[in-house]
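Please keep the sequence and the model in view while reading.

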Amino acid sequence: MSVNQQAHTGPPYGQPQPGYQGYQQPAYGGQPLPAVPQSQYGAYNGPMPGYQQPVPPQGYFPSLGFPSKGSPVSLNSDTSLAPNFIGSLRAPPTSGAPPPASGASLPSGHLAYSQFGHGDVQNGIPASAAPMQRPPASQPFLPGSAPTPVSQTSTFQQYGHPPASVQQLSNHMAGMTIGSTTASAPPPAGLGYGPPTSVPPVSGSFSATGSGLYTPYTASQGPPPTSVSQGLPLAQPPFPGQPISTQRLPTQVPGFAPPPSSTGIGLSSYPPTTGAPRPPTMPGPPLPGQTLAGPPASQPNHVSSPPPPPSTMAGPHPGPPMSGLHGPPPPTHPPQPGYQMQQNGSFGQVRGPQPNYGGAYPGTPNYGSQPGPPPPPKRLDPDSIPSPQLNELPPQQKPRHRIDPDAIPSPIQVIEDDRSNRGSEPFVTGVRGQVPPLVTTNFLVKDQGNASPRYIRCTSYNIPCTSDMAKQSQVPLAAVIKPLATLPPEETLPYLVDHGESGPVRCNRCKAYMCPFMQFIEGGRRFQCCFCSCVTEVPPHYFQHLDHTGKRVDFYDRPELSLGSYEFLATVDYCKNNKFPTPPAFIFMIDVSYNAMKSGLVRLICEELKSLLDYLPREGNMEESAIRVGFVTYNKVLHFYNVKSSLAQPQMMVVSDVADMFVPLLDGFLVNVNESRTVIASLLDQIPEMFADTRETETVFAPVIQAGLEALKAAECAGKLFIFHTSLPIAEAPGKLKNRDDKKLINTDKEKTLFQPQTSFYNNLAKDCVAQGCCVDLFLFPNQYLDVATLGVVTYQTGGSIYKYAYFQLETDQDRFLNDLRRDVQKEVGFDAVMRVRTSTGIRATDFFGAFYMSNTTDVEMAGLDCDKTITVEFKHDDKLSEDSGALLQCALLYTSCAGQRRLRIHNLSLNCCTQLADLYRNCETDTLINYLAKYAYRGVLSSPVKTVRDALINQCAQILACYRKNCASPSSAGQLILPECMKLLPVYLNCVLKSDVLQPGPEVTTDDRAYIRQLVTSMDVAETNVFFYPRLLPLTKADVDSDSLPAAIRNSEERLSKGDIYLLENGLNIFVWVGVNVQQGLIQNLFGVSSFSQISNALSTLPVLENPFSKKVRSIIDMLQVQRSRYMKLIIVKQEDKLEMLFKHFLVEDKSLSGGASYVDFLCHMHKEIRQLLS
Ligand SMILES: [Zn+2]
């Protein structure tokens, strides 16, 4: 979807809008957009009396289905509740002292309160004289006494005791070296792993050109590495010249002490059967002059002799690494108190699943620090899987290749180490540029002036000062932002600050909001902006004296001066039309065509809604939700329902003229649940009966969205549509689609069309929806292709969520669907949202990834933004940065809460800046980098062949690592692969992205699956992409049934599996339970309640509830995992050697994949080769 490349047709939201009045304007800002039928339904654009006339427009006729009786009674529509909630939410307690000068009169219009925009006008000057619709009183903020959020999901548990001390962590970089070992002729390898018998690995990602691919760099390349960058030897390499050791057991690194020595892993040792020197056909280095971001560097065939290094690399540093800052300093600096260094042992641990992984995930039920609420999707449909074939699990003991998988960086080890080192202390955000613990570590956050990593994570916390340096390193500078992230109960929600009628204090020039980095000068009368340096007068009501350090004396009393994240209550100037919003509405739109009825889906939805409607999101301590609800059913025509509380029975109105959608009723369509409870219950009882005998198989789709949109327009509110849809919309109507699925396009230049919408109709519709604040959540139940790429457009661009349940069956899928639905309906969501990221001079946000719409280059617009949605923002230099001042980000999100309150949520983050590349490489976060790279690549498939995208990714990462090697690592032989400590997992994770279904689909992956995954990943946070690309694999039989902990995870490779054990693998979408053929009968009995392996049914969608410790333990682990994820995962039972095993193996991402993806070992060798070419 080219959201990010949308033509900008509308002016930025937030400008004074003449055009705002009336909802007839298709877009904010008053410029009518082209292609939008203007006022077609004029009569329905406002709550007009005429609406209730029973005279139906064409195509409308009262239905026979419902007795319509009762005279229309106007509903008590609960609009404009907003004012009542002020301060009752998370507003700081009002005890005592009113805020400084809250009543002070506003200096007449000297401030332009514009939310966005640099410069003058924007939101215009706040009319201080304008009558406010809400209580103007500002609330004093009392630190520490903020009310606790009510609606937190309690997914976090077990945080360590937060010590109060501030710890500064310096992330430390260790070089990893993988040296070459010479290898003698490789023994024929076993199938399945690594290099197939004497043939070099041929994987799709690489241009395999013959056996020479992985030729040894060995002998001819000089002595194998003994050195270790940084003096941190990781594993003992073979001695130079020593001819091989096939099975080197790396020295074990005890504990977390610095590993012994660098590993000499002969990357080159690949079985060059022929032992021949590099064949000329080897993929060459990038063409000279080619720049980094460019196309794949590795085109086979050019190169026999290494061309000069790409220009960008050529820069500063030919020659051997200078000493000084290059070799990453050995751990000279002692670990800071409390934390240990993190360089341990990825290399060099003893083989075997879990020997020293520091103990079981000690009570960390919350892997993944972002709690996930529950809805689930699915990834592959097992039903569509071709028959078995392929494999027997390779035996445990296979001939080993020369590269010991235990000697290359292990994700499990890195995760464990971070947990041990950083999981026990809270992460205090008071220090600039601190790298937070990994997303897989459970930690508590204390906001002391920077936003929590739950809200913002960066690819690097130390940014190069210059653009040249940034280009040289090729490390993308990006932030992954989750503005409404759910926090664990132990952490404090952002305080709500109310400055009364004057609104938040902002910089006059860049409009940045008051934050801890603003500098007060002249005795507190003015402040200098930390973003643009402009000096602004402090409004009289905000004046405060400074203490001897220059700090305002009310520093700790004001969240916006002392915290990284907080909220401001927005004034009317921040509202559309200069009118406070009314509470949002939810509209449930149910497909009642044949398939939906037959599967029992409609009945299931209706039953569920009866109770679910009592759990609509509500704010703070409100007794009931302010959200109104409405109902529509449809097949080829639409049915609207009047559920006004005064009716004895609901009334149906049918609109069959779908070409010209309108809403046939206003009064009684959107209602308060409590008031209309009986009528709604009656409706939900009747719907399944009413369509029970339908024979209608065709559906429409776009008109459904249009209907929801029109209803929200008429009600003058934002809201969300929940659409439950089953098939490709082929009925005659706008947005009608045809089946254009064609798997033959895979791997051709036309493959990209599979990801593009087949018509631009939906893009235009999305634009209208965004303008209205109409967010679309889509629940799909396809039995065949339904073109997710097209149907998902509106969902995607409005910030909505999409869920897919292929071949939906009540028995097996209802739990998953209902869990998803419940969570989706209940989760925290903001409407009509606009986000802008401001940065200090020197860098600026240049690119955005996520589910949203952009009508200009800076404002990210989302009709809805929920607590799970993430926006990834890329930054580029536009000037120099300085080490002294660092770099600042301020993310401002303007949104309407579920009670209709307009608010601004502000997140600030300060980063360090560096003039030495080593500092950059020491402060990167690989998980975030992968999040960015995956999103970048997934967008790339819309416009480029998939292979090009993969090659570009490989090239960029090779450049990143080559730059490190060249500039930061200590001198060492070219045969060594040296990885920066904090990027040592980059190769393995990158390989997972390259092998993912979007970039390299297996035969069983459908076009819809790929479009679906692409869309999901685009909104994922770092924890989600981490487990999605490198799933978590747990040996269930190793679980301690007496503790709450999870068994220690193991690496995702088949050779780690034992036939006598049972394993669980989860990736955020699916949970697999794999059962080995030799599992003891007793365990099988305990877990599945059957007496033998052969009796285990793989049709189970849940484990039987059995009263024994093992069963309870496994079920509790599964429950724990479900709670952590934002979607309810599908449980799939896989028996070893059964046909479903192929699906399971797809997730053993360290192995070679059936679709041609490289094994980790092979890929590491490939990366090494790429790096060498760049360096040569
Ligand atoms: Zn400024």
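Cys-507 is buried in this predicted model, its relative accessible area being 1%. Cys-510 is likewise buried, with a value of 6%. Both residues take part in a metal site: the zinc ion is coordinated by the SG atoms of Cys-507, Cys-510, Cys-529 and Cys-532, at 2.2 to 2.3 Å. Along the chain, these donors follow the spacing C-x2-C-x18-C-x2-C. The angles among the four donor atoms run from 101 to 115 degrees, and the site is tetrahedral. For comparison, the ideal angle for four tetrahedral donors is 109.5 degrees.

Cysteines also raise the matter of disulfides, of which the structure holds zero. Cys-913 itself counts as buried, at 5% relative accessibility.

The next topic is a set of strands. Strand 14 covers residues 628–634, and seven of its seven residues are buried, so this strand is largely enclosed by the rest of the structure. In a regular strand, side chains alternate between the two faces of the sheet.

Which strands are joined to strand 14 by bridges? Strand 13, residues 585–591, runs parallel to strand 14 and is joined to it by seven bridges. Within this pairing, Ile-590 has Thr-633 of strand 14 as its bridge partner. Strand 15, residues 638–642, runs antiparallel to strand 14, and three bridges join the two. Val-632 stands opposite Phe-640 of strand 15. Strands 14 and 15 form a hairpin, with three residues between them.

A further part of the chain to examine is helix 17, residues 1007–1018, where Asp-1008 is placed. Is Asp-1008 buried or exposed? Asp-1008 is buried, with a relative accessible area of 5%. Setting aside neighbours within four places in sequence, Asp-1008 is in contact with Gln-784, Tyr-785, Leu-786, Asp-787, Val-788 and Lys-804. Thr-790 is 218 residues from Asp-1008 along the chain, yet their C-alpha atoms are separated by 9.9 Å.

Terms used
Residues numbered from 1 in each chain as written. Predicted model: local features only at pLDDT ≥ 70, side-chain atom pairs only at ≥ 80, totals over all residues. Heavy atoms only, no water. Donors = N, O, S within 2.8 Å, 3.2 Å for Na, K, Ca; no water. Tetrahedral: all angles 85-135°; square planar, octahedral: opposite > 155°, others 65-115°. Buried < 20%, exposed > 50% of the residue type's maximum accessible area, 1.4 Å probe, protein only. Helix = DSSP H or I, 4+ residues; strand = E, 2+ residues; numbered from the N terminus. Contact = heavy atoms within 4.5 Å. Disulfide = S-S within 2.5 Å. Pairing = 2+ DSSP bridges.
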